[in-house]
Amino acid sequence: MEKIFNLQQLINGIQLGSIYALISLGYTMVYGIVRLINFAHGDFFMIGAFAAYFTVVLSSAKGLNIPVFLVFLISMASGAGVAALANQVAYKPLRYKPRLSALITAIGVSMFIEYIFSALPFIGPSYRAFPNNQLIKSKIFEFGTFTLSNYAIIDVLVSIGLMLFLTYLVKYTKVGKAMRAVSQDKDAAKLMGIDIEKIIMITFIVGGAFAGAAGILTGISYPRIFPYMGILPGLKAFIAAVLGGIGNIPGAMLGSYIMGISETFATSYNSLLGEGIAFAILIIVLIFRPQGLLGETIAEKV
């Protein structure tokens, strides 16, 4: 048991949970504003990883040394751009249609992105090694019974920084107040002069940018990327959002860290168990607390 429950596994779990948090925040923001479970969100994460990959590879081929900060911005912009495009082309026309239509469309958008990326000759369906050492040199720090990599520190710091930015955006800015108003009552928000479509677009852009950041962090920490890499992390991040209370930003963060730590401990016992623990948590949450740990029960209007 000591092999499973130790400080090293806890650190690994926090690192993984930081990445899940960035993805799940996009899920929970979009759900909070438009009540859509955007299953394509995991693919925005994949696009962020590939954007970083091609930026590093192409710049190296031309002998350029692009700053890491700029590569991060390119990844976030790629995720945000595709998220905005998906909203404009696929989701906006279905805004006032039955929710099931939008949900099925989200699954269709996800599969479309994955197969298009697999069909592109310069990407293909195979795995690619992410040039993480070209981007940031790996360093391992030893502290007695456990080690800490600079990649883990970067993952946690970037996630905390973006989560603080999102908290500030939502709580203290005019856009954030508009987001909260739209999430509570769209009709009332419209009567108050809030441009609902603009707020929804900003929500998709912020969520997509966070997913893009998670993509590059994953490429750096777990240097293997492929067009279907967004499926499982996307599902797990969705489950983390449900665990915390979907639509609730602090809940998404809490659920993500619980998910990351649970998966790491389970994987240290059995790798197959690690993959399945997320779905076991989903079933337990839906049975005993369907509104999530920090979610509130809301009566649906019939």
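**Figure 1. Surroundings of Ile220 in the predicted model.** Ile220 touches Phe72, Phe130, Asn132, Leu135, Ile136 and Tyr151, with residues up to four places away in sequence not counted; contact means heavy atoms within 4.5 Å. The model is predicted, so local features need pLDDT of at least 70 and side-chain atom pairs count only at pLDDT 80 or more, whereas totals for chains, interfaces and linings use all residues. Residues are numbered from 1 along each chain as its sequence is written, and side-chain values use heavy atoms, with hydrogens and water left out.

**Figure 2. The largest nonpolar core.** This core has 81 residues; a nonpolar core is a set of buried Ala, Val, Leu, Ile, Met, Phe, Trp, Tyr and Cys residues joined through side-chain atoms within 4.5 Å. Buried means under 20% relative accessible area, exposed over 50%, and partly exposed in between (1.4 Å probe, protein chains only). The residues with the most contacts inside the core are Leu25, Tyr91, Phe130, Leu135, Leu166, Ile216 and Ile220. Helix 9 (residues 196-221) supplies the largest share of this core, 13 residues. Helices are DSSP runs (H or I, at least four residues), numbered from the N terminus.

**Figure 3. The salt bridge between Glu197 and Arg95.** The closest N and O atoms of Glu197 and Arg95 are 2.8 Å apart; a salt bridge is a side-chain nitrogen of Lys or Arg within 4 Å of a carboxyl oxygen of Asp or Glu. Because Glu197 lies in helix 9 and Arg95 in the loop between helix 3 (68-91) and helix 4 (99-119), the pair ties together parts that are 102 residues apart in sequence. Glu197 counts as partly exposed at 23% relative accessibility, while Arg95, at 17%, counts as buried.

**Figure 4. The salt bridge between Lys236 and Glu263.** In this pair, the closest N and O atoms are 3.1 Å apart.

**Figure 5. Helix 6 (residues 150-172).** This helix of 23 residues reaches 32 Å from its first C-alpha to its last, close to the 33 Å expected at 1.5 Å a residue; the expected span is 1.5 Å times one less than the number of residues. Its buried residues include Asp155, Ser159, Leu162, Leu166 and Leu169.

**Figure 6. The backbone at Arg35.** Although not a glycine, Arg35 has a positive phi of about 55°. Arg35 lies in the loop between helix 1 (7-34) and helix 2 (41-61).

Conventions: Helices (H or I, at least four residues) and strands (E, at least two) are DSSP runs, numbered from the N terminus.
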